[in-house]
Amino acid sequence: MREISLPLPGRDQSYRIYIDPGLRFRLPQLLVSLKFPRRCFLITDTRVGSLYGEQVLSILQEADYSPTLLTVPRGERAKTWPVAQRLARELLALGADRKSLCLALGGGVVGDLTGFLASIFMRGVPFIQVPTTLLAMVDAAIGGKTAINLPEGKNLLGTFHQPRLVAIDPQFLRSLPAAQRRNGLAEVIKHGFIQDLDLLSHLEKGPARIFRDEAELTEIIHRAAAIKAQVVAVDEREGGLRRILNFGHTLGHALEQASHFRLPHGEAVAWGMLAALRLSEKMAGLPPQEGAWGRRLIRQTGLARRPLHLDPQIVIEALPLDKKRREGRLVFVLLRRLGEPVIQEDIPLGLINEALQQEVFGGKR
Ligand SMILES: NC(=O)c1ccc[n+]([C@@H]2O[C@H](COP(=O)([O-])OP(=O)(O)OC[C@H]3O[C@@H](n4cnc5c(N)ncnc54)[C@H](O)[C@@H]3O)[C@@H](O)[C@H]2O)c1
């Protein structure tokens with residue numbers, strides 16, 4: 001079994017991330033080692049619940065745990081205050097107390113919602129993450145950011161609440177639809193670009209081979225999760241280093257917004273990374289052959305292939321609203337070399353426009 005430790009300096013709470021194919025069958029052993037109470041609450045969404053809910057319940061029951069399954073709708077509409085409140089009331093009705101454990105079984109939506117609820121229920125109860133999407137395995141389940149949405153926007157109510165452990169079973173990905181796989185791969189590529197060239201060379205094998213080969217997939221998840229853990233360990237609250245995780249995201253969010261969130265997040269990030277690589281060549285000295293290699297890798301993964309039909313002006317207008325703005329100036333994460341991120345401020349709008357035209361809106365490739 002692979003293990004990543006996530007120390008949180010200055011805090012007594014550090015935790016471990018375990019990665020192993022079939023790990024869900026050994027979940028009880030992990031819980032026993034942390035002396036969690038036998039009564040626990042498994043929170044999942046309707047799709048993951050129908051695929052794995054009963055199975056995980058019985059794995060826990062057979063080990064003398066007493067779990068209850070709570071199910072929420074699929075997708076962003078679960079990350080809302082009414083759903084969080086409904087879950088809190090169900091927990092109370094089921095006799096949950098301050099020591100009760102919540103388990104998030106699902107993608108980033110279930111993880112964010114469960115984490116949020118666990119952080120405020122009776123002023124905070126422990127929770128663990130059992131991610132079932134690639135995106136959650138390498139990103140959302142690690143780092144303790146929790147959130148729900150408001151009608152005004154995504155992730156506007158949230159807390160920092162670290163899970164007590166993260167149990168990653170790559171076998172969950174067997175049932176993950178191709179579009180969701182690509183979403184996760186976009187974040188994996190991003191982690192490679194900012195920190196791990198070896199990870200990028202693993203990705204060169206292409207998605208079909210990666211998802212067929214469990215050992216390869218486990219290696220990729222391990223590397224990508226380790227990068228997220230390293231960054232969070234240094235900068236839990238996104239004061240500095242954690243910002244490098246936003247590579248490709250500043251433009252990605254603007255594209256998502258301009259598409260009224262019809263563009264999937266991974267696709268948006270992929271387009272954002274394509275343009276950010278181009279900007280990196282112009283502003284940060286990224287050698288053009290490295291930029292071209294990076295762009296090829298993104299497309300080889302099946303991302304950013306269909307041309308985008310968005311109004312460039314609306315995308316540009318969406319930029320200043322980006323929450324990654326610092327003191328009113330647009331801050332971009334760029335690359336000096338592949339694997340060497342740099343925070344760059346005050347990028348001329350003209351250059352952003354040019355990179356968008358070249359990479360996103362069908363200019364020269
Ligand atoms: N907290 C963080 O640091 C952080 C980081 C990145 C993203 N996020 C959040 O994560 C969310 C996106 O997460 P996501 O991409 O995992 O989406 P998701 O949780 O909505 O899951 C995507 C879809 O896949 C289904 N699914 C999940 N696991 C499956 C499996 N093994 N087999 C078949 N279907 C499965 C789900 O039912 C859902 O329909 C967003 O809300 C985003 O804000 C949080």
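The protein chain has 14 helices and eleven strands (DSSP runs numbered from the N terminus, with at least four residues of H or I for helices and at least two of E for strands). Its radius of gyration, taken over C-alpha atoms, is 20 Å, close to the 21 Å that the globule rule (2.2 Å times the number of residues to the power 0.38) gives for 365 residues, so the chain is as compact as a globular protein of that length. This is a predicted model, in which local features need pLDDT of at least 70, side-chain atom pairs count only at pLDDT 80 or more, and totals for chains, interfaces and linings use all residues. Residues are numbered from 1 along each chain as its sequence is written.

**Overall build**
- Of the 365 residues, 47% count as buried (20 or more other C-beta atoms within 10 Å of the residue's own, with C-beta atoms placed from the backbone).
- The C-alpha atoms fill a box of roughly 60 × 40 × 40 Å along the principal axes.

**Domains**
- The domain assignment, which is automatic or from a database, gives domain 1 (2-176) and domain 2 (239-359).
- The C-alpha centres of domain 1 and domain 2 lie 31 Å apart.

**Strands β2 and β9**
- Strand β2 (residues 15-19) runs parallel to β9, and four bridges join them (DSSP must find at least two bridges for strands to pair).
- Ile168 in β9 is the bridge partner of Ile19.
- Leu165 and Ala167 of β9 (residues 165-168) point one way, Val166 and Ile168 point the other way, and all are buried.
- In a regular strand the side chains alternate between the two faces of the sheet.

Conventions
Buried ≥ 20, exposed ≤ 12 C-beta atoms within 10 Å, placed from the backbone.
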